[in-house]
Amino acid sequence: MKRRDWLLGVGGAAAAGLAGGAGDPPAEGPTGAAGHRCSADFEPASALWLSFDHGHENLTAGLVAALRGHVPLRFVVRDAASEAAARALLAARGLGDVARDFVHEPLTTFFLRDLAVFTRGPGGEPGVVDLRWSQYGVAQWCSRRHADRGIAQRCAADADRSREGFDVAFARRIGARLHRSALALEGGAFETNGRGVVLANAELLASRNPGVERAALQRMLLALPGIRKVVWLPGGLAEDPLLRATITGDYVAWGAGGHTDEFVRFADPRTVLLAWPDDADAAAHPVRRLTRQRMERNLAVLQRERDTDGRAFTVLKVPMPGIVQRRVFLSAVPDDERSRQWSAEHFPPQEGRRQGQPLMEVAVASYLNFVVANGVVVLPDFVPHGTRADRQQRVQRLFERAFPGRGIRFVDAISAHWVGGGPHCATLNQP
């Protein structure tokens, strides 16, 4: 199911569709039980999970082509029809040999990363953190959109909450230990070095857990398996607002509200990659100017923070791709194809948006939404969408230094970037 469905609160499997028998409880345990810890993406992976959805076929095929031979690939899809479509796609692209291991789970979605966070036991046994599902902070989005509290509450009540049960069902499926948490968060906003440090976007955590104070959020993060230190960062990309929203002026975007996998990632336990707009882009484009200001604030935090051993982080500035944008026209109908699913109803009344108004939609485009799996790093390819080849070559050289010994591959992920995603969002590393 695409993110537009989540935003509009349609579709979604019922909780009755959970995998496993009715009396078959997951392998639960207290948080951190049995020596588990939240693992880092750059650690060796025993498998990499993908899903499938129509509209993202090119991304799925590109990921499979780039990843096969480096890590076992497993698929979790909604049903038999989704499996058949995925198998047909891969066979047509000459990748049929990969389509062997499929799991059916009605609660799954294409952006699999957001539905689960893996842990690793001392013997390599898997665990899954049971985080609360907020549908990307839709309650906060509704509050911003509707000044009337009653209308905002009805807006939030229409959200599809069924995916609250995915991580429990998934843990059952793979025989993983389950770690309960009261924290609302998606996997795309959870970035750890695997050695006890987690990078947290303060703005995003507040939107997912409205009314919860920073101290309480910190306690919940520190209660996750193996987490001993929280590095609080002020905010994410300007291009990545909370769901469908105005960035500035007539520039709008459809984002996740500041996922860390769009702007800050670990390359190893002490090396942090930070998205960084070039000076010329920041001077020329108002959205990039806002992002540059945000990243400067994040850089200041990272430069003064230390890891759990008291050592400074090495911060590498990763150039951002050229801005990716397109003209859209607001419709009176929220899901009108002519408007590319943009409607005046998506904005607060005080913004004065009107039917037929032209706006400039900006894609959530960043090289930080990469996948790392054993011997390869797969980055989004922005050259087909206007980025200069020499800029992408700079990025490739930087990643070759940050991930020595790994091959660097690029895949076109534009279908995901328009809805706040990317290659990392569409995959899930199992340690």
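Tutor: In the largest nonpolar core, which has 69 residues, Trp-49, Leu-63, Leu-67, Val-128 and Phe-170 touch the most other members. Such a core is a set of buried Ala, Val, Leu, Ile, Met, Phe, Trp, Tyr and Cys residues joined through side-chain atoms within 4.5 Å; buried means under 20% relative accessible area, with a 1.4 Å probe and protein chains only. Helix H2 (residues 57-67) supplies the largest share of this core, six residues. Helices (H or I, at least four residues) and strands (E, at least two) are DSSP runs, numbered from the N terminus. The model is predicted: local features need pLDDT of at least 70, side-chain atom pairs count only at pLDDT 80 or more, and totals for chains, interfaces and linings use all residues. Residues are numbered from 1 along each chain as its sequence is written, and side-chain values use heavy atoms, without hydrogens and water.

Beyond its neighbours within four places in sequence, Leu-67 is in contact with Leu-48, Leu-73, Val-371, Ala-373, Val-376 and Val-378, contact being heavy atoms within 4.5 Å. Another core, of 41 residues, lies apart from the largest one and includes Ala-40, Leu-233, Leu-273 and Val-301.

Just after H6, Gly-175 adopts a positive phi of about 70°.

How values were computed. Buried < 20%, exposed > 50% of the residue type's maximum accessible area, 1.4 Å probe, protein only.
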